[in-house]
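The sequence and structure come first.

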Amino acid sequence: MRRSPRPGSAASPHKHTPNFYSDNSNSSVSTTSGDSSGHRSAGPGPGEPEGRRAQGSSCEPAGSPVVSEEQFNLLSTLDLRQEMQSPRVVKSFLSPLCQVLSVFVSLLGDVLVSVYREVCSIRFLLTAVSLLSLFLTALGWGVLYLVPPLESEPELLTISEYHERVRTQGQQLQQLQAELDQLHKEVSSVRAANSERVAKLVFQRLNEDFVRKPDYALSSVGASIDLEKTSRDYEDANSAYFWNRFSFWNFARPPMVILEPDVFPGNCWAFEGDQGQVVIRLPGRVQLSDITLQHPPPSVAHTGGANSAPRDFAVYGLQVDDETEVFLGKFTFDVEKSEIQTFRLQNDPPTAFPKVKIQILSNWGHPHFTCLYRVRAHGMRTSEEAGDSATGGPN
């Protein structure tokens, strides 16, 4: 059974929900939709039809509260606050906030990295500028130290002073030229004197045959080889070709080569083995005092050594009968010493001999032959009568 609205009450044109948040929810007193001052309207407004008022009053139940627009907005705000206080609402509200904070942090990190790079680049630039300035400073000091200071500008001379200075320098040059000419004359005279002296010394040494003693075992003064009492020549079986049968194709040297002054590698007399002898006819009777043997040094030998040189040898003087031999000494030729070695003979009292025999006892290790390059006999030549009186006649 529906109630009719009270007389004098105005029905709201909108449908409102009950006010559950009002303290007087159970009260039968309802607020009207009047003005904002809270006064009730005594009746329908002017021009409002009677039927509409009746229809609105018939749709709402009796005693239902009527809510204004401000109250409705207030209720909506309270409902939103209650929804925000729930966990789901809080979570949904914090998630965008966290995203915003993360974006802000990443932007801040990028900004800090950019600032650090700029600082590093500025530091590198400052360091490079400092090093460059130091290098330029050192370079400037070095240039100032090495480059000599600029000379002062020459003083300006008058024409007369210039001519006087030129004349003085010309006189000095003439004086220097005269001194140079004098020195040149003195040097030329000294050079001529020294050249003449050197030439005399060279010819003297050549005449003395570098031993400064006369050599009586020289073919040019009449010495020769007694082939009957001399060892046979060395013959190499590997080089015994047909052409070597002829003398002008035979490369082996005869014993006469030891009486020649030409001492070159290979120009020697070779006999077989390490023992042999050679007898030299002297150009007359000679009181022998020394014997000289010569052999090229190992530095000029083609075989790389001097193992074919004689080592131990003995010297004998032969009398006129060619049978009596007088022992004059035993010696050793050392190839590590000088290439020319002279040995003193034991001919005391001095005796004159027409012949001398050189007997080779060993060599320096060559297994096939021994080479003699040159033999020299030194002493004093006597006449035939003096030689016979000195020797006391044949024994």
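## Salt bridges

A salt bridge is a side-chain nitrogen of Lys or Arg within 4 Å of a carboxyl oxygen of Asp or Glu. The side chains of Asp226 and Lys355 form such a bridge, with an N to O distance of 3.1 Å. Asp226 sits in the loop between E1 and strand E2 (269–272), and Lys355 is part of strand E7 (residues 352–360), so the bridge ties together parts that are 129 residues apart in sequence. Helices (H or I, at least four residues) and strands (E, at least two) are DSSP runs numbered from the N terminus. Asp226 and Lys355 are both buried; buried means under 20% relative accessible area, exposed over 50%, and partly exposed in between (1.4 Å probe, protein chains only). A network of salt bridges links Asp226, Arg281, Asp322 and Lys355.

This is a predicted model, in which local features need pLDDT of at least 70 and side-chain atom pairs count only at pLDDT 80 or more, while totals for chains, interfaces and linings use all residues. Residues are numbered from 1 along each chain as its sequence is written, and side-chain values use heavy atoms, with hydrogens and water left out.

## The bridges of Asp290

The structure holds 8 salt bridges. In one of them, the side chain of Asp290 meets that of Lys213 at 3.0 Å, N to O. Asp290 belongs to strand E3 (residues 276–294) and Lys213 to the loop between helix H4 (159–208) and strand E1 (224–225), so this pair joins parts that are 77 residues apart in sequence. Asp290 is buried, at 4% relative accessible area, whereas Lys213 is partly exposed at 31%.

Asp290 also forms a salt bridge with Arg344, where the closest N and O atoms are 3.2 Å apart. This pair links distant parts of the chain, with Asp290 in strand E3 and Arg344 in strand E6 (residues 340–344), 54 residues apart. Arg344 is exposed, with a relative accessible area of 58%.

## Cysteines

How many disulfides does a search of the whole structure find? The search finds 0, a disulfide being a pair of cysteine sulfur atoms within 2.5 Å. For Cys268, the nearest cysteine sulfur is that of Cys371, 3.1 Å away. Cys268 counts as buried, at 8% relative accessibility.

## Nonpolar cores

A nonpolar core is a set of buried Ala, Val, Leu, Ile, Met, Phe, Trp, Tyr and Cys residues joined through side-chain atoms within 4.5 Å. The largest one has 33 residues, and those with the most contacts inside it are Ile258, Ile280, Leu288, Phe313, Val315 and Ile358. Two or more residues each come from E2, E3, strand E4 (312–318), strand E5 (325–332), E7 and strand E9 (374–382). E3 gives the largest share, 7 residues.

Not counting residues up to four places away in sequence, Phe313 touches several residues, including Leu293, Phe331, Phe343 and Ile358; contact means heavy atoms within 4.5 Å. A second, separate core of 6 residues includes Cys268, Ala270, Cys371 and Tyr373.
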